[in-house]
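Biologist: I would like to learn how to read a helical packing. Can we take one model and go through it step by step?

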Amino acid sequence: MSEPHVEVTSQLIERYFSLTTAARDKATPLHPPDTPEGVRLATMMEMADSYTSDAKWFVDQGDLVRAFGAINYAHAWIDCAVNSCYDLCCFRWFEICCLC
């Protein structure tokens, strides 16, 4: 059940930065970068890195709402890379340790 009202604070954003950074640091590609799968993974991780950079910029501008959105998009790109399915067959794209 979701909370009725959650305020976007700098502490909340820092928590999400921490989770996203930990996930990014633990993501280890299982495909060489010169393969089609490796190229797709690199693109997904570039998107994650770009959204993380955008989130930092929004924080610097004092726009916590957009920063929160951007860091969540960054984490979503990492999730996408980890859980992607292609050609109706799921692959282990990355090895990632449980962050729980």
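Modeller: Begin with burial. This is a predicted model. Of the 100 residues of the protein, 23% count as buried. The protein exposes about 6,900 Å², and carbon and sulfur atoms supply 57% of that area.

Biologist: How many helices and strands are there in the protein?

Modeller: There are 3 helices and 4 strands. Along the sequence they follow the pattern α-β-α-α-β-β-β.

Biologist: What share of the contacts with a separation of 6 or more joins residues 24 or more positions apart?

Modeller: That share is 68%. Now to the helices.

Biologist: How is a pair of packed helices described?

Modeller: By two quantities: the angle between the axes and the distance between them. Take helix α1, residues 10-26, and helix α2. Their axes come within 12 Å and cross at roughly 155 degrees. Angles over 145 degrees count as roughly antiparallel, so α1 is roughly antiparallel to α2. The crossing of α1 and α2 is left-handed.

Biologist: Which residues make the contact between α1 and α2?

Modeller: From α1, Ile13, Phe17, Thr20 and Arg24. From α2, Met45, Asp49, Thr52, Ala55, Lys56 and Val59.

Biologist: At what angle do the axes of α2 and α3 cross?

Modeller: At roughly 165 degrees, and the axes come within 8 Å. The two helices are therefore roughly antiparallel to each other. Here too, α2 passes α3 in a left-handed crossing. Residues of α2 in this contact include Met45, Ala48, Thr52 and Ala55. Among their partners in α3 are Ile71, Ala74, Trp77 and Ile78.

Biologist: Let us move to single residues. Is Thr52 buried or exposed?

Modeller: Buried means under 20% relative accessible area. Thr52 has 14% relative accessibility, so Thr52 counts as buried. Thr52 is found in helix α2, residues 36-61.

Biologist: Which residues does Thr52 touch, not counting those up to four places away in sequence?

Modeller: Thr52 touches Phe17, Thr20, Ile71 and Ala74. Thr52 is also listed in the contact of α1 with α2, and in that of α2 with α3.

Biologist: Thr52 has a polar side chain. Which backbone oxygen does the side chain of Thr52 reach?

Modeller: The backbone oxygen of Ala48, at 2.9 Å.

Biologist: Where does the side chain of Thr20 find a backbone oxygen?

Modeller: At Tyr16. The backbone oxygen of Tyr16 lies 2.9 Å from a polar atom of the Thr20 side chain. Thr20 sits in helix α1. Its relative accessible area is 3%, so Thr20 is buried.

Biologist: What does Thr20 touch, leaving out residues up to four places away in sequence?

Modeller: Thr52, Ile71, Ala74, His75 and Ile78. Follow Ile78 next.

Biologist: Which helix holds Ile78?

Modeller: Helix α3, residues 64-83. With a relative accessible area of 2%, Ile78 is buried.

Biologist: How far apart are Ile78 and Met45, in sequence and in space?

Modeller: They are 33 residues apart in sequence. In space, C-alpha to C-alpha, they are 6.5 Å apart. Ile78 touches Met45, along with Thr20, Ala23, Arg24 and Ala48, again not counting residues up to four places away in sequence.

Biologist: Let me put it together. Thr20 of α1 touches both Thr52 and Ile78. Thr52 belongs to α2, and Ile78 to α3.

Methods. Residues numbered from 1 in each chain as written. Predicted model: local features only at pLDDT ≥ 70, side-chain atom pairs only at ≥ 80, totals over all residues. Heavy atoms only, no water. Buried < 20%, exposed > 50% of the residue type's maximum accessible area, 1.4 Å probe, protein only. Contact = heavy atoms within 4.5 Å. Areas by Shrake-Rupley, 256 points an atom, 1.4 Å probe, with all protein chains shown as cover. Polar contact = N/O pair within 3.5 Å; in protein donor to acceptor, adjacent residues only side chain to side chain. Axes fitted to C-alpha atoms, helices over the stretch in contact; angles between N-to-C directions. Parallel < 35°, antiparallel > 145°, perpendicular 65-115°, else oblique. Left-handed = near helix turned anticlockwise from the far one by under 90°.
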